[in-house]
Structure formats: C-alpha cells, structure tokens
Amino acid sequence: MSGSVVEAESTRLELPASALEGVGARPFGIYIHVPFCATRCGYCDFNTYTAGELGTSASPQSWLEALKRELATAAEITGAPKVDTVFVGGGTPSLLGGDGLAEVLGAVTTSFGLAAGAEVTTESNPESTSPEFFGTLRDAGFTRISLGMQSAAEHVLKVLDRTHTPGRAVAAAREARAAGFDHVNLDLIYGTPGETDADLDKSLDAVLSAGVDHVSAYALIVEDGTALARKVRRGELPAPDDDVLASRYERIDACLADAGLGWYEVSNWSKPGAECRHNIGYWDGGDWWGAGPGAHSHVGGVRWWNVKHPARYADRLAAGELPVGGSETLTAEDAHVERVMLTVRLRTGLPLSDLRDGERAAAERVVEDGLAVIDDDHLVLTDRGRLLADAVVRDILA
C-alpha cells in the first residue's frame with residue numbers, strides 16, 4: 001500500500017470529516033473478534049489464544065468488558081449508525097456459550113442498534129454447540145450460523161488438528177436449522193495432505209445432506225509460523241499441489257452448482273438470497289468497525305487495527321484509551337487497486353467503468369485468453385478465470 005501508514009500504537013483515532021461523511025447512508029457492519037480457542041489447529045495463523053497460552057492475563061469476562069467499552073466509544077466516534085450486519089468471528093465464538101454470545105449482541109444493540117432486517121452471524125465450532133445453544137442464539141436475534149466443518153474424513157481432520165468428529169458438523173447444521181435458522185453455512189478446506197478425491201466427495205455429500213444454503217471452500221494455505229508449516233518444512237507432510245487444488249476446486253464447484261448453490265465470490269457458494277451480506281460489505285469496500293483484539297476496521301477510506309493480545313487490549317480500554325495498534329489512510333491509488341482486487345472475485349464482476357485506459361486493454365486480453373467475459377459492462381471471471389483470479393488481477397494492474 002502507498003497510503004499513509006501509522007504503525008505506532010495510538011490512544012486516539014483520527015477520522016477526518018471526509019471519512020465520517022455519509023456514515024450511516026452506506027451499509028455499516030460490526031465485526032467482533034473472539035480470540036479464544038480450546039486448542040490450536042495446526043494450520044491456523046489467526047489471532048487466537050488457548051487458556052494455557054493466556055494464563056491469568058486475560059479471560060472471556062475481561063474481554064467482554066473491554067469489548068463493551070470499545071463499542072461504546074465506536075458509537076460516539078461514528079455517530080452510532082444503525083448496523084446492517086454483525087459478524088462474530090474468531091477464534092471460537094461458541095466457547096462463550098449461547099448466553100455469552102447473546103450478551104455480545106446485546107452490547108452491539110445497546111451502543112448502535114440494528115437496522116431493520118439486519119444480518120447477524122456467528123461462527124461456531126460444531127463441538128461447542130447444541131440444540132439449546134442454537135435456540136438461545138435464535139431468541140437473542142442471530143440470523144445466520146457459520147460452522148467450521150473443514151472435512152468429513154477423520155484422517156484429514158487429524159492432519160488439520162481439528163478436534164470435532166467427522167459427523168458432528170452436519171449434526172450441528174441440522175440442529176441450527178431445527179432451531180429456526182434459515183441461513184446456515186459450512187466451511188470446507190480442500191487440498192490437505194493425504195486428502196483424496198473420495199475424501200472430498202464424502203465431505204461434499206455430507207454438506208449437501210445437511211441442507212445448508214451456503215458453503216465456503218478454501219484451498220489449504222501453509223502459513224508461516226504454524227505447526228503445519230513446520231511439518232512441511234521438515235518433510236513430514238507434502239506441500240499442497242497447485243494442480244490438485246485446481247482439480248478439487250472444479251470438483252467442488254460442479255457439485256455445488258448441481259445442487260443449486262451458485263458461486264457469488266470465488267470461494268463462496270449460496271442458494272439465491274443466502275449470500276453473506278457482511279462479507280459482501282468487505283468486498284465492496286464498505287464501512288465496518290472491527291472490535292476485539294487484532295480486529296481490523298475501515299470507515300470512509302481510513303483503515304486501522306487493534307493491538308493483538310487480549311490483555312493489552314483490555315488494559316488499554318480500562319485506562320480509557322483506544323486499543324489502536326496502527327492505521328492507514330488509503331490514497332486514491334490504494335482504493336483503486338483494492339477495488340480491482342476484490343470486485344473481480346465477485347460473480348457480479350468488475351465494472352468496466354472502474355478501469356483506466358491501459359487496464360481496459362489488459363481486460364480485453366484477459367477476455368481473449370478465455371479468463372473472463374463481458375457481462376452487462378462488467379468483467380466477470382469464467383470458470384477457468386476463477387482458478388487464475390490472482391493472475392487476472394496482476395495482468396489488469398500491471
């Protein structure tokens with residue numbers, strides 16, 4: 001990024017009038033980061049902590065009290081616009097229990113209030129859910145559940161260090177639907193070392209049997225600093241193969257399309273009307289406030305992120321300070337690059353009107369290469385183009 005970046009921690013957040021102008025007129029989201037996990041998955045590099053790692057330095061209660069303070073301050077700064085989407089992620093939000101998550105949503109509504117028809121999502125680990133848990137969430141006002149399934153093959157879950165049993169994710173999805181949730185998502189990870197086509201087919205069959213209306217599927221990425229990366233580096237596990245990943249993606253897409261779930265973003269499929277509105281806000285460059293340790297925010301071209309450690313986060317807020325760890329103001333060039341990078345991944349495509357002259361010529365070459373088509377003055381990726389989305393972006397912005 002070429003924008004003005006401030007890395008030093010700051011107790012203040014400077015949002016210029018130009019950034020605040022129009023807040024509330026545009027969709028506004030709240031992201032809540034729950035940093036707690038029962039165990040650490042070997043592939044995960046998210047800002048999460050087990051009880052053993054935290055010791056007595058932080059707890060769910062200290063986090064919740066700090067969260068309430070941050071949300072109250074956020075409302076003061078932004079003028080408390082009604083919130084269109086809420087997304088509680090992590091970490092493992094379901095470790096808070098139904099009552100804990102209800103209290104989190106209550107803190108959002110106390111500080112901001114929800115717009116009519118607001119989408120309210122929480123991620124959940126299948127092992128820390130139950131019919132009672134989903135019933136409590138439904139009564140509290142949650143509208144959408146996202147469950148981390150990853151795979152239905154036990155040996156694949158073992159490689160990923162996932163703790164849930166293969167059938168639990170499907171059972172949890174059914175419980176969520178029985179509790180009245182119309183919108184339920186299952187996450188898959190494909191390309192794990194040792195996974196076969198038959199394993200993936202088993203996972204897809206399980207997903208479809210759960211009757212969910214949304215599926216997210218991500219290629220396994222070996223992130224530096226993770227247990228998985230160390231195993232790959234030592235030769236204990238092979239690195240994911242790009243050709244295998246492409247083949248698995250095509251397999252997923254064909255299966256979900258046949259079942260009536262169409263892609264609307266490169267890694268996301270849904271039935272009509274079941275798209276995740278909160279994530280679309282990210283991809284469309286919308287406004288959101290990220291609350292919690294390490295959470296990122298964006299309002300009117302200003303982006304900032306919180307300090308990562310839960311104890312440091314809570315201490316800053318207890319002292320009446322904002323927990324900002326750094327910030328940047330996006331330049332016009334930054335905003336343009338991000339818009340191309342994100343919107344080209346959407347089924348709605350990249351508006352040709354957003355492209356500069358040289359980029360239009362590059363887009364025409366992308367079409368000639370069969371990686372995209374022009375649909376209603378938008379550049380939309382073809383099936384092959386989705387496999388090479390990053391290369392398409394590089395070609396356009398070169």
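**Reading charges and cover**

Author: Let's start with one side chain: arginine 251 has a relative accessibility of 31%, so it counts as partly exposed. Keep in mind that this is a predicted model.

Reader: How do I turn a percentage like that into a word?

Author: Under 20% relative accessible area is buried, over 50% is exposed, and partly exposed is in between. Aspartate 197, at 30%, is therefore partly exposed too.

Reader: Which residue does aspartate 197 form a salt bridge with?

Author: The general idea is a side-chain nitrogen of Lys or Arg within 4 Å of a carboxyl oxygen of Asp or Glu. Here aspartate 197 pairs with arginine 251, with 3.5 Å between the closest N and O atoms. Aspartate 197 sits in helix H8 (residues 197–209) and arginine 251 in helix H10 (residues 242–258), so this pair ties together parts that are 54 residues apart in sequence.

Reader: How many salt bridges does the structure hold?

Author: There are 18 salt bridges. Another one joins lysine 68 and glutamate 65, at 4.0 Å from N to O.

Reader: How far apart are lysine 68 and glutamate 65 in helix H3?

Author: They are 3 residues apart in helix H3 (residues 60–78), which means about one helical turn separates them. As for cover, lysine 68 is partly exposed at 28%, and glutamate 65 is partly exposed at 32%.

Reader: Now the pair of arginine 316 and glutamate 321: what is the N to O distance in that salt bridge?

Author: Their side chains meet at 3.1 Å.

Reader: What about charges in a patch? Which residues gather in a patch of negative charge on the surface?

Author: For a patch, look for like charges with no salt bridge, over 30% relative accessible area, joined within 9 Å. In this model Glu364, Glu368, Asp369 and Asp395 gather in a negative patch on the surface.

Reader: Let me zoom in on glutamate 364. Where does it lie, and is it buried or exposed?

Author: You'll find glutamate 364 in helix H14 (residues 357–368). Its relative accessible area is 52%, so the word is exposed.

Reader: Let me try a residue in a loop. Where is threonine 382, and what is it in contact with?

Author: Threonine 382 is in the loop between strand S16 (378–381) and helix H15 (383–387). Setting aside neighbours within four places in sequence, threonine 382 is in contact with Gly370, Leu371, Ala372 and Val373. With a relative accessible area of 17%, threonine 382 is buried.

Technical notes
Residues are numbered from 1 along each chain as its sequence is written. This is a predicted model: local features need pLDDT of at least 70, side-chain atom pairs count only at pLDDT 80 or more; totals for chains, interfaces and linings use all residues. Side-chain values use heavy atoms; hydrogens and water are left out. Patches are made of residues with over 30% relative accessible area and no salt bridge: like charges are joined within 9 Å, nonpolar side chains (Val, Leu, Ile, Met, Phe, Trp, Tyr) within 5 Å. Accessible areas come from the Shrake-Rupley method with a 1.4 Å probe; for residues, only the protein chains shown count as cover. Lys and Arg count as positive and Asp and Glu as negative; His and the chain ends are not counted. The place of a charge is taken as NZ of Lys, CZ of Arg, CG of Asp or CD of Glu. Helices (H or I, at least four residues) and strands (E, at least two) are DSSP runs, numbered from the N terminus. Buried means under 20% relative accessible area, exposed over 50%, partly exposed in between (1.4 Å probe, protein chains only). Contact means heavy atoms within 4.5 Å.
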